[in-house]
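Here are my notes for you to read beside the model. Take the points in order, and keep the viewer open as you go.

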Amino acid sequence: SEKQFRQLFENMAQGFALHEMIYDDNNNPIDYRFVLINKSFEKLTGIGASDYIGKTVKQMLPEIEQIWIDNYGKVAKTGKPLQFEHYTQEFNKYYNVTTYSPKKNFFATVFTDTTQDKLQSKQLLEAKQRAEESEEKHRFLFENTIQGVVYHDSKGKIILANKAAAEILGLSLDQLYEKTSLDPRWKSIHEDGSDYPGENHPVMKTLQTAKPIFNSVMGIFHPEKDNYSWININSIPKFKKNDKSPYQVVVTFEDVTKIKNASIELEKAKLIAEENEKAIEHSHDLMKYIIEHNRSAIAVHDKNFNYVYVSQRYLEDYNVKEKDIIGKHHYDIFPDLPQKWRTVHKKALSGEVSSAEDDPYYKDDGTIEWTRWECRPWYENDNTIGGFIVYTEVITERKNMELALQAAKEKAEESDR
């Protein structure tokens with residue numbers, strides 16, 4: 001009945017509108033008039049029926065594109081229905097529209113608001129695109145990073161690895177698949193060379209404790225190099241929501257073999273340097289011992305005239321009272337040293353060797369000491385002069401005897417005459 005139709009018309013969820021097509025003199029569609037509108041139309045568009053009924057679309061929506069009038073005109077003329085999705089700029093909404101012609105020159109539109117669905121689809125599409133972009137970035141980094149990256153399942157088996165991991169470990173990706181830390185072919189060792197059991201590897205510890213491990217250094221046997229490589233490992237657990245035990249462990253590692261070998265070489269060099277230092281110290285002590293106990297009077301000075309070594313005989317012959325003169329200036333110990341000796345020292349520092357067999361040394365107290373001596377330079381490793389050495393022998397007693405004999409001889413000869 002008409003009443004039932006009216007109830008259905010007014011309460012249908014879809015928006016409905018009946019339009020009369022308007023043509024120009026050449027029977028081309030140029031506009032259309034709103035004839036009938038239901039409540040859902042008003043609800044979906046926000047426009048009351050009283051504002052539309054009897055008005056044309058150009059009166060109500062002057063910015064409407066001609067293509068819509070042409071499409072509706074074909075439906076009104078031919079009676080062929082049309083279905084499409086339409087965005088209305090005036091309402092900023094998307095509509096799914098079905099249009100048909102109930103009688104010639106009239107067309108009806110039945111539509112639903114698909115804006116929310118459209119926005120959700122758009123958001124889903126954008127989210128999918130972001131996820132794909134993120135996955136692509138992750139895949140790119142995973143494949144091209146110089147760090148080894150390996151995924152283990154909850155049992156410790158390798159389920160995924162990148163190319164860098166295969167290269168660092170010396171295995172193919174197929175060989176790595178389902179391998180565990182318990183495999184004895186790793187031949188893993190600690191930094192001190194001791195065995196590194198598979199159950200103690202970082203990934204296994206992370207599975208046991210559900211805690212990450214960082215910067216664990218391990219030596220693993222590299223089959224291609226037939227030698228050990230050293231890797232620095234980080235082990236990070238992954239959890240499913242509300243789980244306390246990891247379902248995966250991500251292990252990253254880098255080859256630190258060069259750094260490790262450099263550290264070993266540095267340690268070796270350090271030991272050699274310490275041994276050399278001990279050898280130099282021993283050589284110094286030995287030289288000091290030899291000179292100190294030499295039966296001759298010997299003094300070794302640096303180029304600043306400071307004592308480096310001195311023999312006990314030297315101290316005794318020259319009546320040096322100070323117990324330790326090493327490091328002290330020669331002229332502070334002998335302030336009355338004649339100028340001729342100072343000149344000899346300068347000559348030695350210039351590379352000249354000086355010597356004398358019977359040389360008198362006139363002391364401030366008026367006495368004379370007779371010496372036989374030699375002063376010569378000594379050289380550093382780079383062949384530069386490091387100082388001078390003075391070898392002396394006090395021959396005063398012998399000289400006095402010689403002088404006494406000479407005087408006696410002369411006296412005897414005078415007596416004979």
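1. Tyr32, Phe34, Phe41, Tyr52, Trp68, Tyr72, Phe84, Tyr95, Phe107 and Phe111 make up one aromatic cluster. Two rings of Phe, Tyr or Trp (for Trp, the six-membered ring) pair if their centres lie within 6.5 Å; planes under 30 degrees apart are called stacked, over 60 edge-to-face, and the rest tilted. The whole structure holds 21 aromatic pairs.

2. A word on the source: this is a predicted model, in which local features need pLDDT of at least 70 and side-chain atom pairs count only at pLDDT 80 or more, while totals for chains, interfaces and linings use all residues. Residues are numbered from 1 along each chain as its sequence is written, and side-chain values use heavy atoms, with hydrogens and water left out.

3. How are Tyr95 and Phe111 arranged as an aromatic pair? They are edge-to-face, 5.2 Å centre to centre with 85° between the planes. Tyr95 belongs to strand E4 and Phe111 to strand E5, 16 residues apart. Helices (H or I, at least four residues) and strands (E, at least two) are DSSP runs, numbered from the N terminus. Tyr95 is buried, with a relative accessible area of 3%, and Phe111 is buried too, at 7%. Buried means under 20% relative accessible area, exposed over 50%, and partly exposed in between (1.4 Å probe, protein chains only).

4. Now look at the sheet around that pair. Five strands form an open sheet in the order E2-E1-E5-E4-E3, with antiparallel pairing. Strands E2 (29-37) and E3 (82-88) are the edges, each pairing on one side only. Two strands pair if DSSP finds at least two bridges between them; E4 (residues 93-100) and E5 (residues 106-113) have six. In general, strands of a sheet pair through backbone hydrogen bonds, either parallel or antiparallel.

5. Which residues in the largest nonpolar core touch the most other members? Of its 24 residues, they are Met21, Tyr32, Phe34, Ile37, Ile64, Tyr72 and Phe107. Helix H5 gives the largest share of this core, five residues. A nonpolar core here is a set of buried Ala, Val, Leu, Ile, Met, Phe, Trp, Tyr and Cys residues joined through side-chain atoms within 4.5 Å. A second, separate core of 23 residues includes Ala299, Tyr307, Tyr318 and Ile325.

6. Leaving aside neighbours within four places in sequence, Ile64 is in contact (heavy atoms within 4.5 Å) with Tyr32, Val57, Lys58, Ile69 and Glu90.

7. Two lysines deserve a look. The charged end of Lys240 sits over the ring of Tyr247, 5.3 Å from its centre, and Lys399 lies over the face of Trp370, 5.1 Å from the ring centre. A charge sits over a ring if NZ of Lys or CZ of Arg is within 6 Å of the ring centre and within 35 degrees of the ring normal.

8. Finally, visit two hairpins. Strands E13 (residues 354-362) and E14 (residues 368-379) are antiparallel, with seven bridges, and Ser355 has Glu374 as its bridge partner in E14. Five residues separate E13 from E14, and Gly366 in the turn has a positive phi of about 95°. E14 also runs antiparallel to E15 (residues 385-394), joined by nine bridges. Their hairpin has five residues between the strands, where Asn383 takes a positive phi near 70°.
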